[in-house]
Amino acid sequence: MKHLLGIEGMTRAEIERVLETSEAMLEISQREIKRVPTLRGRTVINVFLESSTRTRVSFEIAAKRLSADAINVTRAGSSLSKAETLADMARNLAAMSADVLVVRDSVAGVPHMLAERVSVPVVNAGDGCHEHPTQALLDAFTLRQSLGSLEGRVISIVGDISHSRVARSDIHCFTKLGAEVRVAGPPTMMPAGIEVLGVKPCFSLEQALAGADVIVMLRIQQERLDGALFPSVREYSRTFGLTQRTLALAKPEAIVLHPGPINRGVEIASDVADAEPSRILEQVTNGVAVRMAVLYLLTGGQT
Amino acid sequence: MSSPDPHAAKPDADGGGRVVLDASGIQRATTRIAHEILERNPGAEDMCLVAIVRGGQPVAELIAAQLAELAGRAVPLGALDITLYRDDVVARGVRPMPRPTRMPFSVEGKRVVLVDDVMFTGRTVRAAMDAVLDFGRPGAIQVAVLVDRGHRELPIKVDFVGKNIPTSRAERVVLRARPDGELEVAVV
C-alpha cells in the first residue's frame, strides 16, 4: 500500500492485513505507558479542511502512540485563505519532510488528487460523499471482535446512503470480507443503481432489519443537505429511526454501529445508543488502533 | 506482504540443514535452565517469565512447566511482541506483522526472565528490554535462551543458555517443529 485512498481499490488481503496489524496496536492503548517507539522521528501532518473532532483526534493520538510527531492543519488559519491551491499547500508540507499526509476535505477526490502530486503517502480521512476508508476498517475490526468473521453475516446500513462516505466505504469493505449487505433509507436518500455495488436495497426499515446480524445507523447530516430530502426530522425518525421496537426485528444478538456523532432521538434512540447491543464507544477505541496500523503500514515505504 | 518472520517456529517437512539440538536435547537444556533460574531466584519468588514471540514462546512454556514442578508454584508467563521496538523496523522497509503482546501481570519490582529461542546480535533482547520497561520498573531483567550462536553487535550478555553453537554469520539457526510435532534446532 502506497496510499490509503479508499476501500474500493483494496484487496481483501490488504484489508485483512490492516485488521490483523490493528490487533497488536489495540493492546498498546491498554498499557500504562501508551507509546511504542516505532515511528520515532517521523512526522504525520493532519490536513483537516472540513470540521472533525473524532477522526482528527483519533489520527493525532494514533501518530503519537507510535512516537511520530503530529501536526494539525485546519482550513481556518491556513494559507488556503490566501488563495493558495491545495496542491501547492500539499507540496509545501511534503517539502518540510512530512512522512504522511492525512487529508479530509468536503470535496470528493481531493486526497486522490494530492496523492498524484506529492511523493509522500496520503491517507483519506473522508472526502465529501465519496469514501472514509479508516471508518470502514474500524467498523470491520469492531465487527470481527464481536462476530469473529463477517463471512455470510447480514449487515444492514440505514440512513442517507446517497450522501454517506461511510456507507460507501462500509459497502466495499463488508462485501469484500464476505458479508451480505443491505442498504435502507427514504427513496430520496437511496442512489439509483446501488445494486451494482453488490448490495440489496430496502425501502423500509422492517425489510432491512429482519434477521440482520449487524445494524449500521448513519448520521443524518444536516450540514450536507441543501434541499429537503425528507419532510421533517420527526418523520424520518418515525420511519427510519432505530428504537428498541425496531431493533427487535433483527437477530436477538444483533449489534449496532454508528460512525458518530450521534443525533440522539433522530436516527437512533438514546436507549439503543447506550444499550448492550451498541458498539459505538468500542468503535472509537478501535479507531485509534486501526489508524496506528494504517500509519505503520504506510510508512514502510513499500508493500 | 509475506515478510519472513525470524521468530516463527515453522513446520518443516524435510527439515534440511544440520540438527544441533533434538527434542530430548531441548528437554534437557530447558530443565537445566530451570534449575539455574531457581538457583539465581530462590523459590521463584517475585519472578516472571516473558517469552519473546514467537520463537521464545515454546521455550518459555517448557521452562515454565519445569519451574512449576521444581518450585511447586506456577510462575507467571507473559508474551512480548517486539516488532514495534525493533531498530530495523524504524528504518524503511517491508513492514513485518506485529502480533499481540500479553502481559497479564505487573512487572513492577519483579525479576523478569526474558526467554528467546536463539541469541544472535543482541538487538532483539535490546528491543525486548525497552518493551518490558514500558510496562513498569522491574527489579531485575535476566535473559534465558535455548541457543547462543554468537556474533553479538551490542553489549548484551546471556544469563542462562541451553547450548552454545559456533556459527558463521551467513548461517541461520532455527527452532522448528517437525512433522511429528517434536521441536528441534537446526543450522541451515
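## A bridge between two strands of chain A

Val158(A) has Ala184(A) as its bridge partner in E6(A), where helices (H or I, at least four residues) and strands (E, at least two) are DSSP runs numbered from the N terminus. The structure is a predicted model, in which local features need pLDDT of at least 70 and side-chain atom pairs count only at pLDDT 80 or more, while totals for chains, interfaces and linings use all residues. Residues are numbered from 1 along each chain as its sequence is written, and chains are lettered from A and ligands numbered from 1 in the order in which they are written.

## Strand E5 and its neighbours

Strand E5 of chain A, residues 154–158, pairs in the parallel sense with strand E6 (residues 180–184) of chain A over 5 bridges; two strands are said to pair if DSSP finds at least two bridges between them. E5(A) also pairs in the parallel sense with strand E8 (residues 214–217) of chain A, here over 4 bridges, and in E8(A) the bridge partner of Ile157(A) is Val216(A). Together with helix H6 (residues 165–176) of chain A, E5(A) and E6(A) form a right-handed β-α-β unit, right-handed meaning that, with the strands pointing away from the viewer, the path from the first strand over the helix to the second runs clockwise.

E5(A) is mostly covered, with 5 of its 5 residues buried; a residue counts as buried if 20 or more other C-beta atoms, placed from the backbone, lie within 10 Å of its own. In a regular strand the side chains alternate between the two faces of the sheet. Val154(A), Ser156(A) and Val158(A) point one way from E5(A), whereas Ile155(A) and Ile157(A) point the other way.

## The two domains of chain A

Chain A is divided into domain 1 (12–131 + 284–298) and domain 2 (133–279), with bounds that come from an automatic or database domain assignment. The contact between them takes 20 residues from domain 1 of chain A and 17 residues from domain 2 of chain A, two residues being in contact if their C-beta atoms, placed from the backbone, lie within 7 Å. On the side of domain 1 of chain A that touches domain 2 of chain A, the largest share, 6 residues, comes from H11(A).

## Confidence

The predictor gives the complex an ipTM of 0.83 and a pTM of 0.91. For chain B the mean pLDDT (the predictor's confidence in each residue, from 0 to 100) is 90, and 89% of its residues reach 70 or more. Over residues 1–13 of chain B, however, pLDDT stays under 50.

Definitions and conventions: A residue is buried if 20 or more other C-beta atoms lie within 10 Å of its own, exposed if 12 or fewer, and partly exposed in between; C-beta atoms are placed from the backbone.
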